[in-house]
Amino acid sequence: MPEGVRIRVLRAVHGDPLAAAELTAALDERQLAGLEPLPADPAAVVPGLLRSLRPEFRSLPSDTRRLLLIAAADQHPVATHAYQRAVAAARLDTGPLDDAEAAGLARATSGGVVFRDPWTRIAAYETASAVDRRETHRLLARVLRGEGEAPRRSWHRAAAALGPSRRLAAELRAAAHEARAAQEHALACVLLERAAELIPDPRERPRLLARAAADAWRSGDGDRARRLASHGNIDGLNGLLALRAGNATEAFDALLAGAERSAERGAERGMEREPEASTGAPSDRTVKGALIEGAGGSRVVFPAAADASAHLLARATEAAVYTGDLRRCREAAAVADRLGIVPPGTLGGLAAAFDGRYEDARDLLKAAAGRCGPGGDPTSLIHASIAALLLGDHTRAAAAAVGAAASARAMGEPAAVPQAMEFRAYAEFWTGRPRSAGAAALDALRQAYATGQDNGACHLQAALAMFAAVTGDEELCRARAEAARTHALERGLGLPAALALWALAFLDLSTGRYAASASRLRALAGFGPGHGHRAVRHLATPHYVEAAVRTGDTRVARAAHADYDRWARAVRSPDDLALSARCRALLATGHDAADHYRTALGLHADGTRDFERARTELLFGSALRRLRNRTEARDRLHSALEAFEHFGSPHCAAQARAELRALGEPARPQAAARPLAAVLTAQQLLVARMAAEGATNREIASRLLLSPRTIDHHLRGVFTRLGIRSRIELVRLLASED
């Protein structure tokens, strides 16, 4: 099954392999493919595990079972931290817990009861009778009287309810509002779900479930969000979820239609009054409040239906950007003009850049990049990071991405973290830290899969393919690129498809396969849903010019450079201007080329893209060698070689060594007296450390989201590069370095 589905299955069954096998067997084809969410209650789908646990509980004394029931009800589905108070209020003796500990089911601690595993806790609750469960919830509700405990008290009151109750449903709705204000979105979600079950009027359920879906998404539970959204009937909600996990073109259509309908009905719809919360949070929200949800998953609440239209239109523009479809970008811009809505700066800037209006794009992106101070909304910070990246300000981009991730965590919205970390990884990669970038992207990949954001995972797979290309890991680069392109074609995602193709092209370029590299990069011109992307084609222009010049095809290269130079002059980024000068040098000959290279290196000195500066030095050194300027050529090539070794880019380092050999320079040993980080690729070093810690190939594969076969390939590469033949030697080598 797809990696994202596998991770979510394991998450749903709390990591139990038997339950995972049972749940997998119960999934239909669409669920196995990730096209439909997983079942709402895994415990109901995997009864075998609970059946095996129930006899253990039934054999315990009744007093022990009651204590375990109180502990289980107090911990699931949300922790209410009332066990000790409930036991004291009921005047129960905790001595009978010794029987549970003797049976290996649970143990008493100063903080309460710790169960053997989550399924044991579930069995403790499910084994009890319905009457006992309701009485336990009433007991817990009675003792929850502290400040901020109203939402949890309401949850237990609702869990003890026998049937529909409008009064209790209203209490749950108010409690959910208070929980949301406290950034407890998982709690808000379960409160609203229970409110939907208890509300007497079925016509009110869709709105409650739609709001619950938004809270589920913010809490990082993508499957629950998609499942609940199928019951809700509020414009745009499913489009917002599809943007992160479904077909991007369908997401665009749904979001654009939702924006138009919202604008048309805004005056009639008016404002919805939310119950007041004890936190003092604003009480006025619109019906659209449930779906004001950024592509990164962050919370954005607007005060009026017109603002909801603007937000949906912004997300539609984002979907168009993901597809790489210029027609859809223009369609969104036309709707914005007709509705009198100005899209957010980053999305407007990207749309203007797609259209070739570079000065307009620059101004919009600068305004967006300026909104990246500490704190603030995660989506706004993510967009500021994107804008800064496009403007070549990688330091600001990294700061905004780190701030976005921190803000998302503080607001209890893990769904936004993977997207923020993705753009942090890009910033670190371009500034010459591919190992750090790869580690950040791999962590983000796990979180994207776990939170049900398969489209975000696709972007990260493509980014990891590029990082693997730079660090010389051909097999991993091809595996990541294939995974990204397969998903991108299925979901209409042009951006990751183009990024994966660029990764393969750079791999060809750095290994001297210039014709193949030029062919791949030319294919980026055919951008469209699931195929290519104009922004990636633009960013890849310096590499295309290099590959095209090597193959003698300078006509198209000159046209591509002219467009790139126009952008560089518009944004005035030192790195973009440096790369434009490098392209000019490649297209020139003799001493004119040398002058352009010197200009490029002077501009690089004010920039941050250290890896590209090293490539410029490599190309300059090669040109100087051909001009018989041996002394300066030697200096430039040694500088490039040192940089590539620092970056862990063996293919580029090999090109520098080849140029030095052509100058008659002696070949320097590649791994003598150097740290392992300079000998191994980032992925190889990670695999080596895990193997040295005793992890099996299958365990390493599971942790790194790769196949055991790929891990075996990595270990063979590690042994070859280090000149060793066993894991014992690897342990000794790593221990000596530490």
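Me: Buried means under 20% relative accessible area, exposed over 50%, and partly exposed in between, with a 1.4 Å probe and protein chains only. Which is Arg628, buried or exposed?

Reply: Arg628 is exposed, because its relative accessible area is 73%. This is a predicted model, where local features need pLDDT of at least 70, side-chain atom pairs count only at pLDDT 80 or more, and totals for chains, interfaces and linings use all residues. Residues are numbered from 1 along each chain as its sequence is written, and side-chain values use heavy atoms, without hydrogens and water.

Me: Where is Arg628 found?

Reply: In the loop between helix H35 (610-626) and helix H36 (630-647). Helices (H or I, at least four residues) and strands (E, at least two) are DSSP runs numbered from the N terminus. The phi of Arg628 is near 65°, a positive value in a residue other than glycine.

Me: And Arg572, what is its phi?

Reply: Positive, about 60°, and Arg572 is not a glycine either. Arg572 sits in the loop between helix H32 (554-571) and helix H33 (574-587). With a relative accessible area of 53%, Arg572 counts as exposed.

Me: Stepping back, how many helices and strands are there?

Reply: The protein chain has 42 helices and four strands. Of its 738 residues, 56% count as buried.

Me: Which cysteines are buried?

Reply: Among them are Cys477, at 0% relative accessibility, and Cys583, also with a relative accessible area of 0%.

Me: New topic. How much space lies in the largest pocket?

Reply: About 1,600 Å³. A pocket is an open set of points on a 1 Å grid over the protein atoms alone, where a 1.4 Å probe fits, with protein on both sides within 12 Å along at least five of seven lines. The volume is the space filled by probe spheres set on the points, which are joined across faces, edges and corners.

Me: What lines the largest pocket?

Reply: 43 residues, with Ala40, Asp41, His76, Pro77 and Arg224 nearest its centre. Lining residues have an atom within 4 Å of a point. Helix H13 gives the most, seven residues.

Me: What joins His76 and Pro77?

Reply: A cis peptide bond, with omega about 5°. Pro77 lies in the loop between helix H6 (62-75) and helix H7 (83-89).
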